Amino acid sequence: MIEENRRVVIIGGGITGLSAAYYLQKESKEKNVNIEITLIEASNRLGGKIQTIRKNGFTIERGPDSFLARKQSAGRLVKEVGLEDQLIHNSTGQAYILLKGELHPMPEGAVMGIPTKLSPFVTTGLFSPIGKMRAAADLILPASKKTGDDQSLGSFFRRRLGDEVVDNLIEPLLSGIYAGDIDKLSLEATFPQFQQVEEKYRSLILGMKQSSPKQQSASSQKKKGMFQTLKGGLQTLVDALEEKLDEVAFLKAVKVEKIEKTNVEHYRLSLSNGSIIECDSVVVATPHHATANLIPSADYLSPLQKMKSTTVATVAMAFDESALKNDIDGTGFVVSRNNDYTITACTWTHKKWPHTTPEGKVILRCYVGRSGEEAIVDQSDEEIKKVVLDDLNKIMEITTDPEFTIITRWREAMPQYAVGHKKMLREVNERLAKDMPGIYIAGSSFEGVGLPDCINSGEAAVKAILTRWNK
Ligand code: FAD
């Protein structure tokens with residue numbers, strides 16, 4: 001039974017903090033218990049990395065543009081706040097890999113780069129005959145011995161499929177999610193399902209073939225896209241959440257500087273405006289460096305200080321459609337490191353998300369920066385714009401300058417789950433639970449970077465608080 005008048009502070013007004021606030025308020029209303037909720041956000045706006053702008057009839061996302069539909073927490077939250085009718089899937093189309101200056105269609109049947117159909121892999125120009133033979137060795141290679149140890153995504157995929165498939169296909173695809181170094185990222189923390197496939201089926205190719213949902217036949221209706229977004233942009237979810245959170249006290253443009261324990265399960269928060277807040281429980285929904293800084297007394301949070309993040313920038317360029325002489329049929333491409341290109345990916349947003357773009361116009365949204373290639377983000381807007389246009393021109397023949405360009409720098413914004421991440425997180429959480437029971441860390445730095453993962457993590461923190469109180 002929850003005692004009356006509990007007070008919870010949520011630090012960070014990104015999607016994680018907002019989800020925590022939403023599910024806590026919901027619980028307090030449904031169970032009719034009085035939980036006082038305060039959400040403190042350092043900037044003057046909510047949403048964190050979600051930032052939609054509207055300009056000249058375009059809807060442009062500075063950060064995330066969509067979420068994976070199969071991870072259900074995002075769609076569920078959208079429905080809960082009444083935006084179900086605004087949900088849309090992406091338009092499907094050909095995706096490409098840029099390798100050695102040439103666009104290659106993504107081989108049909110590739111699941112995260114793992115072949116599940118033979119002929120597209122035999123015919124693709126992405127790999128040499130030797131590279132293809134090496135990938136086929138997956139069919140006969142034994143499974144690795146189960147050690148329980150984590151390993152890098154790179155070492156796992158290189159062992160199964162060889163370097164060419166990793167460098168020319170898997171790495172650029174993963175780069176789009178983590179902007180990271182495939183040889184450092186943890187398999188256990190990012191794609192544990194691939195290890196499970198190896199354990200169960202031995203061969204990744206055979207295992208993925210059996211475990212992937214069957215492709216729709218050509219005669220069946222047009223395939224639904226894997227991603228979803230909201231017609232008015234993801235910011236509409238943030239705005240709807242803010243409106244629904246009618247029992248939450250928001251403090252914006254105020255930073256939490258320190259969390260201290262005053263008593264058993266009682267905490268004091270020092271804020272940048274000089275005030276102090278006392279509470280029973282805290283959800284810390286900030287990026288990991290900020291999280292570690294908030295509790296200076298907790299030396300066991302030092303692994304969070306050491307955890308790396310990558311810096312990237314998104315560059316959205318709007319054109320009249322007549323400006324593109326070589327308009328390629330498709331939705332975009334990712335760039336292999338085996339290129340002298342600076343952009344790492346480009347979405348033809350007007351094709352993937354037609355609702356974002358006025359008739360007769362085009363919007364190209366590119367990424368620059370990834371692990372080991374971050375210096376470009378420090379260049380001036382003019383320099384970034386020039387570099388991106390030069391790269392695009394090698395492929396698309398663009399005849400005019402963009403009507404406008406929106407560059408958004410995301411410094412240290414993509415958390416890198418290094419080998420051993422899960423073990424590190426378990427240890428941190430165990431020590432935190434002993435030392436500061438009632439404080440929970442949540443957000444993209446820990447259990448998944450995608451928006452649905454962040455929503456899950458906010459909700460999980462709420463469940464942990466309530467379980468503790470109900471004991
Ligand atoms: P944040 O959004 O970073 O929010 C944390 C908040 O904490 C911030 O608002 C910050 O101001 C606040 N804060 C920090 N310190 C303090 C303090 N001391 N006191 C008070 N407040 C503080 N995911 C997808 O699913 N799909 C995509 O298409 C996608 N694309 C992406 C593109 C880019 C360029 C980036 C950077 C990320 C993308 N992601 C995508 C990942 C996803 O956007 C993030 O993982 C997610 O938005 C993080 O949410 P969060 O609430 O955990 O953190």
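This is a predicted model: local features need pLDDT of at least 70, side-chain atom pairs count only at pLDDT 80 or more; totals for chains, interfaces and linings use all residues.
View 1. Of the 34 residues around the ligand, T16, E41, K49, S66 and V449 come nearest (near: one heavy atom within 4 Å). Numbering starts from 1 along each chain as its sequence is written, and side-chain values use heavy atoms, with hydrogens and water left out. Local features need pLDDT of at least 70 and side-chain atom pairs count only at pLDDT 80 or more, whereas totals for chains, interfaces and linings use all residues.

View 2. A polar side-chain atom of K49 lies 2.7 Å from a ligand oxygen. The backbone also takes part: an N or O atom of I15 is 3.1 Å from an oxygen atom of the ligand, and one of V256 is 3.0 Å from a ligand nitrogen. The protein covers 88% of the 1000 Å² of accessible area that the ligand has on its own (Shrake-Rupley method, 1.4 Å probe).

**View 3. Meet an open sheet of three strands, in the order β5-β9-β6.** The pairing is antiparallel (strands are DSSP E runs of at least two residues, numbered from the N terminus; two strands pair if DSSP finds at least two bridges between them). β5 (67-68) and β6 (87-89) stand at the edges with a single partner strand each, so one side of each is left without a neighbour in the sheet. β6 pairs with β9 (residues 227-230) over three bridges, and I88 has T229 in β9 as its bridge partner.

Notes
A polar contact is a pair of N or O atoms within 3.5 Å; within protein, one must be able to donate a hydrogen and the other to accept it, and residues adjacent in sequence count only if both atoms are side-chain atoms. Helices (H or I, at least four residues) and strands (E, at least two) are DSSP runs, numbered from the N terminus.
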